Amino acid sequence: MLNTGREVRLFGFRYTTIFVALAVSGTLIGALLILAIAELPSLDAGRTRVLVLAAAVWAVFIATLLAAHAHYLATRHLADVRTTSKAILESLAGGVLTLDVEARITIINRAAAKMLELPAQAPYPTFEEVARRHPPIADIIQRALSREEYVQDVDSSFVNSEGKNLVLRSTVSAQVDENGERVGLVVLVKDVSKIIALEQELRKRDRLAAAGSLAAGVAHEIRNPLSAIELNMRLLRDEVSHLAVGRPDIDDYFEILSVETQRLNRITTSFLQLSRPDAVSRTKLRVRDPLIRIIRLLEPEAREKRIEFRTEFRDDIEVLGDATKLEQVCLNILINAMQAMPGGGEIRVTTRLRREEDADWAELVIADQGIGVLPENMDRLFDPYFTTRNDGTGLGLAIADRIVADHGGTITVESAPDSGTRLIVRLPAAPNASARTSS
Amino acid sequence: MDEQKTYCDEANRLAKLRRFAQLAPQDPEVHLALARELMGGALGEEAASELHTVISLSPNHLEARKLLEQVMGGIRSQPR
């Protein structure tokens, strides 16, 4: 497309102009302007062809430049999108894991890598490796892949390399492309350990509060008449002892009355102790000290029962607490551990400092090799009067829990039948102890 | 005279506690009270026996365990 012969004046000169349209595949992409100072010779057919050819070459050159620029912009935009997506993925507090339909892992974000203890960068582990470390998660992935059974909020436990028992909540859904075809799976994993622990703690506190408020009043009313009954019964037994000569059955009646009133008295006293928070006198003490004291008290008995204490204490962790009450906690827990090991064995006792966002915690960990706790009993372990032993009172752990709660701490249990039990007592660490202690 | 009275009171208290311990053999507090009285009277071995009874009745009894450690230390340090 040519437009020639138009004359223009510019800076005092006269020009003759030629416009050549530049088009590629019928699309106008620019124009070529030729200014001729001299008078233009007439454009014959040959010259016109040369001009059109030159314009075509020029048009292709410009089109190539434009295409290259467009490609550059698109690539940069894609890179930006990828960077943003990756940044979003990496910033998520929840874990994200994606797999293709062949069960090959394609993405593991940082949170998932941390929770599942898997590498966050390629080469990613194989599905078999994931299955070895996380059988329950691998199972739901397998079911989603083979049977298209997608699940939501399935909890599984995982003991990490620090020995911490985590509860992981997983959701598996299909990953589809723009045509709706399944190209893989998206697995979302959340660490809900704290939520579960808080829920358990709340349930426990609710049960204790409900039982406590009702029974504390009753217990208080029972205790006074019970003391009178007990005292008078003892005096009566003493008075009639000469009449009961040759009548062992009378002595048996008194015996039963005595034992049962004592039992009632102990129950009501303990219940009153359990149902009201106790004031704690707080002094700074090393968290290992109550343990050392109690282990020394228990060692003769432990030796008789072929039980060995293995200890690993840090001497720089301090708490603010009542030394005698914390000794009672240690005694109750260690007695419980010893009773769980009738055939002897080893009890590992350690102290450690755990740093968390909100606070530093002194932890006492007591791990036995005993018979373990049945899953259905885990929730009730700290309930008053809950016991699985015929001669147990069911108060040892309840009292320990009460004392630890009065100190602002918690007790958690990790156990499975026949694989021992681990009780972790967490107490707020004294401030300066945590400041000069590395975790 | 006063010393005589105190002695009688203590002896009487020990006898009463022994009697109570017989009447309420399942009550750890009675055995503990008797053990304390026996310790005061330097009757270490009998005190240890009562403390063992307390611990068998109430394994979580911290005071009894501490007293037993004290009594056993005393018994071991006695010349034979």
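## Where chains A and B meet

In this predicted model, 24 residues of chain A are in contact with 17 residues of chain B, contact meaning heavy atoms within 4.5 Å. The area buried between chain A and chain B is about 1700 Å², and carbon and sulfur atoms give 53% of that area; buried area is the accessible area (1.4 Å probe) that two parts lose on being put together, summed over both. In chain A, the residues that lose the most area to chain B are Arg234(A), Leu297(A) and Leu331(A), which together make up 29% of what that side buries.

Residues are numbered from 1 along each chain as its sequence is written, while chains are lettered from A in the order in which they are written. Local features need pLDDT of at least 70 and side-chain atom pairs count only at pLDDT 80 or more, whereas totals for chains, interfaces and linings use all residues, and side-chain values use heavy atoms, with hydrogens and water left out.

## Charged pairs

Side chains of opposite charge can pair when their charged atoms come close. Five salt bridges are counted between chain A and chain B, a salt bridge being a side-chain nitrogen of Lys or Arg within 4 Å of a carboxyl oxygen of Asp or Glu. Arg296(A) forms a salt bridge with Glu69(B), with 2.9 Å between the closest N and O atoms. On the side of chain A that touches chain B, helix α8(A) supplies the largest share, seven residues; helices here are DSSP runs (H or I, at least four residues), numbered from the N terminus.

Over all chains, a search of the whole structure finds 33 salt bridges. Within chain A, Arg143(A) forms a salt bridge with Asp139(A), their closest N and O atoms being 3.7 Å apart. These two residues are separated by about one helical turn, because Arg143(A) and Asp139(A) are four residues apart in helix α4 (residues 135-147) of chain A.

## The second largest pocket

The second largest pocket is lined by 47 residues, and among those nearest its centre are Lys164(A), Asn165(A) and Ser193(A). On a 1 Å grid over the protein atoms alone, a pocket is an open set of points where a 1.4 Å probe fits, with protein on both sides within 12 Å along at least five of seven lines, and lining residues have an atom within 4 Å of a point. Helix α5 (residues 193-239) of chain A gives the most to this lining, with eight residues.
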